[in-house]
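The sequence and structure come first.

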Amino acid sequence: MNYHFDTIVIGGGTMGTAAAYYLSKKGQRVLVLEQFSIPNDKASHHGDTRMFRLANGDGEKYVPLGKAALRLWEELEADTGKTLFQKSGALSIGYSGSDFIKKAIESSVTHQLEYEKLTADEIKDRWPGITIPDDYYGCLDPNAGFLFSEECIRTYKEEAEKLGAVLKEYEPATEIIRMRNEVKVITGKEQYSANHLIITAGAWTHKLVKNINLPITIIRKTIGWFEPMKKGMYDHHFPCFVFKTESDGNYYGFPNFNGSGVKLGRMDEGHLSDPDKLNREFGSFENDEGDLRRFLEKYMSNASGTMLNGKVCMFSMTPNEDFIVDRDPEFDNIIIAGGFSGRGFKFASVIGSILSDLVVEGETTHDISSFQIKRFMEQQA
């Protein structure tokens, strides 16, 4: 039997559940197909928390999207009564020649964001749990914080279902039949059709988009939670943090929220992987814990106590680390969103809204020109 919908979304993770919610709010009949549960610990959204920053060292083009995303997260909280965002501030720290910190400050000035530029001494005085060289400096975004990632996805799922969306768990798409005015999706259980298709399959996106060579690289990453050795030093008053060190790598982390431990991950490095063959066992590689602990021992030594937990996740990286949010070059009724490069979660609300705009209105008021697929096709030509 063929079941017809206005829009099918393949991938019920971060962007897929958000898109389903905003499409359903616009009266669309939506089907979401997810190969695992919603949420799950097999993709890129698990690990309890994701950082939210407005001052952005990755490029000024992300600041307007960040502002729009925050408004939508706040609206979702107000509509549901759930706590999805914890304001803690975010401190970006780098060496004297770091472009990342320079851009974070420039983006704050350009977009009139509240911020503080801090010297190494000022950082160490305010947060004694941090040790950095004298020539390092930082940018504090006081309105930043972190999102509760699984709770965000769970909320989008529940709210979309209330609006009539159908979300199918443990039902992966096995075949996509592309046509100009209709798309058919076949799973191991049923065949579905729709006027539009959105592919938000995370690390599996490039495997589903077989008619385009999307240069998405999958990197195995690890995150760890460490017990502080000094009580209260890294608790609620401590900000989220990003470190761009001169020779020890790039790291990000979260305060010891509700006794869960200081959470730490590494932005650079990692192991090239296939999402279907990923080694999901934390500790399989010496640097799973080793990289994290070495960073803490040097820069946040009082946070380098017992490891309380460790998890494996994935980054889906594009060559320049900018996202993909665009129509399939061959089929206007297919929209692809992927390659969120380890920093996309904070934008899930606005990306979901943008995807619904592209389906229902045919365009969006947000600037997504940097996220077009043609940039890869021009490079490959």
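## Basis and conventions

Helices (H or I, at least four residues) and strands (E, at least two) are DSSP runs, numbered from the N terminus. By that rule, Asn 250 is found in strand β15 (residues 250–254).

The model is predicted, so to speak of local features requires pLDDT of at least 70 and side-chain atom pairs count only at pLDDT 80 or more, while totals for chains, interfaces and linings use all residues. Residues are numbered from 1 along each chain as its sequence is written, and side-chain values use heavy atoms, with hydrogens and water left out.

## Sheet and flanking helices

Three strands form an open sheet in the order β3-β8-β4, with antiparallel pairing; two strands pair if DSSP finds at least two bridges between them. β3 (49–52) and β4 (85–87) are at the edges with a single partner strand each, so one side of each has no neighbour in the sheet. From one strand to the next, the twist averages 30°. Axes here are lines fitted to C-alpha atoms, for helices over the stretch in contact, and angles run from 0 to 180 degrees between N-to-C directions. The antiparallel pairing of β3 with strand β8 (residues 145–148) covers 4 bridges, and Arg 50 has Leu 147 in β8 as its bridge partner.

Helix α2 (residues 62–80) lies across β3, β4 and β8 and runs at about 130° to β3. Helix α5 (residues 149–162) lies across β3 and β8, at about 50° to β8.

## Cavities

Rolling a probe the size of a water molecule over the atoms shows where empty space is left. On a 1 Å grid over the protein atoms alone, a cavity is a set of points where a 1.4 Å probe fits but cannot get out, a pocket is an open set with protein on both sides within 12 Å along at least five of seven lines, and lining residues have an atom within 4 Å of a point. Grid points are joined across faces, edges and corners, and a volume is the space filled by probe spheres set on the points.

The structure has 2 cavities of 30 Å³ or more. The largest cavity holds about 120 Å³, and β13 (217–226) and α7 (287–299) are the elements that give two or more residues to its lining. The largest share, 4 residues, comes from α7. Its lining divides into 1 nonpolar, 4 polar and 7 charged residues, where Ala, Val, Leu, Ile, Met, Phe, Trp, Tyr, Cys and Pro count as nonpolar, Asp, Glu, Lys and Arg as charged, and the others, Gly among them, as polar. The second largest cavity, of about 40 Å³, is lined by Lys 61, Leu 65, Asp 367, Ser 369, Ser 370 and Phe 371.

## A pocket and Asn 250

The second largest pocket has a volume of about 170 Å³. Its lining residues include Tyr 95, Lys 244, Thr 245 and Asn 250, and helix α3 (residues 99–110) gives the most, with 3 residues.

Beyond its neighbours within four places in sequence, Asn 250 is in contact with residues including Lys 244, Thr 245 and Asp 268. Asn 250 and Ile 93 are 157 residues apart in sequence and 10.0 Å apart in space, C-alpha to C-alpha.

## Salt bridges

The whole structure contains 20 salt bridges, each a side-chain nitrogen of Lys or Arg within 4 Å of a carboxyl oxygen of Asp or Glu. One of them joins Lys 162 and Glu 159 (3.0 Å, N to O). These two residues are separated by about one helical turn because they are 3 residues apart in helix α5.

How values were computed
Contact = heavy atoms within 4.5 Å.
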